[in-house]
Amino acid sequence: MKKVEWALIVLASLLTFVLVYSPHFSYPWPLHADEWHHITEAKKLGAGEYSWGSIGYRFGFHVILLGLSKIIDLVSVYQFLPAIWAVISGLTLFYVVNKKTKNFWIAFFALFFFASLKSNVNILGLWFFTPLTFSIPFIFLYIYWFSEGFALHNKKYLLFSLGIMLFLVFVYPLSVLFALPFLLVYSLWHFSFIKKEWKFFSIFLLVPIAGLALFAYMNNLSFFITIGSLLDSLIFSKEWGVLVFDNSFLEIYSLIGYALAGVGFFALLLNKKGKFNSSYIIYLLWPLLVLVSIFIFYIFDVSFLVPYQRNLYYFVLSMPLLSAYGLTALLSKLRSFVSDSGKYAIRILLILVAIIVLFFSFLFYYSIPGKVGVYHVIDEQDYRALRYLSSLEKGRVMATAEVSTAVYVLTGNRPVASLYFYGDRNVLEQFFDGDCALKNEIARRERVKYIFTSEKMECGWKLLYDEQRYIYRV
């Protein structure tokens, strides 16, 4: 590539980093309860206290976090991980699109449209370093190698794709499950190749076998019971997740991005002679079949294989390529209309149109519905108090649900309950709303050793810490 092209890639990567890191400009800790949860499980894994069960479906991600924690202070560095990984994901997309289209500008615009993907605490997104976002570059790669493997009859590419899918089964199974419908349809497109090489393609059964084995192990089930139980587990109701919220497509992608994706879809569907173009069929099946799953949810309030919120995000992940192709097709058409203008005038016009499109792609980047806006689990005073608590003898901690989410990570103590994932939040609410008699009763019942609060409580406990936050020993 030319030096100018390298400079543009660096510029787009810097933009991606700044946008994704921006929620951390004034907040140096993990943003989402999920992030604290995954750090907690990584620490528990290292301490031999791993939770297993349904949490174990992300076991591979927790192993990776545990490995990172041996090298760096995971809590202080975590703020940078979403931005770093977003850059890696964007560059992976650039690589895939550039290899597929052999067109720098389509790949470059795809990188920009990828950076415009929005985040919120319900659908998640690039702002948070979770198994969902960790899987993104691997999704781009396994879909690319899967399609190229079939198109070129290249078994090496197919093995690359299989290897990534097997890896993701142990990191985040949903990142493979969502793709099964369009991967199967695409495979049938090349049925003659499969029929000819059926022995080779039989190794792809390793993916469902690995999934079944993981599910059976995490739930301690026999093989036959596993199949029935797994099928039940792959049906997700509207109540799945923490929030029941009517998500909008515009929450995570711009209107102009969708419009250009529509243009790109039809530009990829038909070649210049108006005939069907099969070269990009997998990138057309991807949004089409995921959209079908989303509409099934809208009609029946049930989502199959993958929860609706995740399907919505996986649908949007297919947009940057289509939007970039649509923008390039639009600029090409515009150029043909003004072909009589001067060479530099045409360039200036095309640059202005591209800038306007990209401007409107990012215009509402920070517009997030209040119910799914970013929240902070702890603040500076909480952090200092928890660091002090970490120096004390270990014991169960009673704190608010938000602070409790960070208790194990920062102190090694077990909270009575947390915002999500651990314990019963109602116990915390009863404790902090009750009088001293009820507080002491709950503390005895829950075997609490320390009380962490932002307000003084005169209930007969020994005060250990008194600096805007209060830590008592029961």
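Two strands are taken to pair if DSSP finds at least two bridges between them, and strands, like helices, are DSSP runs numbered from the N terminus, with at least two residues (E) for a strand and at least four (H or I) for a helix. With that in place, let me say what we are looking at. This is a predicted model, in which local features need pLDDT of at least 70 and side-chain atom pairs count only at pLDDT 80 or more, while totals for chains, interfaces and linings use all residues. Residues are numbered from 1 along each chain as its sequence is written, and side-chain values use heavy atoms, with hydrogens and water left out.

I will start with the sheet. Four strands make up an open sheet with mixed pairing, in the order S3-S4-S6-S5, and its edges are S3 (396-398) and S5 (462-466), each of which pairs on one side only. From one strand to the next the twist averages 25°, where angles run from 0 to 180 degrees between N-to-C directions and axes are lines fitted to C-alpha atoms, for helices over the stretch in contact.

S3 and S4 (residues 448-453) run parallel and are joined by three bridges, and within that pair Val-397 has Tyr-450 of S4 as its bridge partner. Helix H23 (residues 425-433) packs on the sheet, where it touches S3 and S4, and its direction makes about 60° with that of S3; contact here means heavy atoms within 4.5 Å.

Turning to the helices, the axes of H2 (residues 33-46) and H22 (residues 401-411) come within 9 Å and cross at roughly 35°. On the H2 side the contact is made by residues including Ala-33, Trp-36 and Ile-39, and on the H22 side by residues including Tyr-408 and Val-409.

Finally, the cores: a nonpolar core is a set of buried Ala, Val, Leu, Ile, Met, Phe, Trp, Tyr and Cys residues joined through side-chain atoms within 4.5 Å, buried meaning under 20% relative accessible area with a 1.4 Å probe, protein chains only. Which residues touch the most other members of the largest nonpolar core? Of its 144 residues, they are Tyr-142, Phe-178, Phe-182, Trp-286 and Leu-317.

Methods: Buried means under 20% relative accessible area, exposed over 50%, partly exposed in between (1.4 Å probe, protein chains only).
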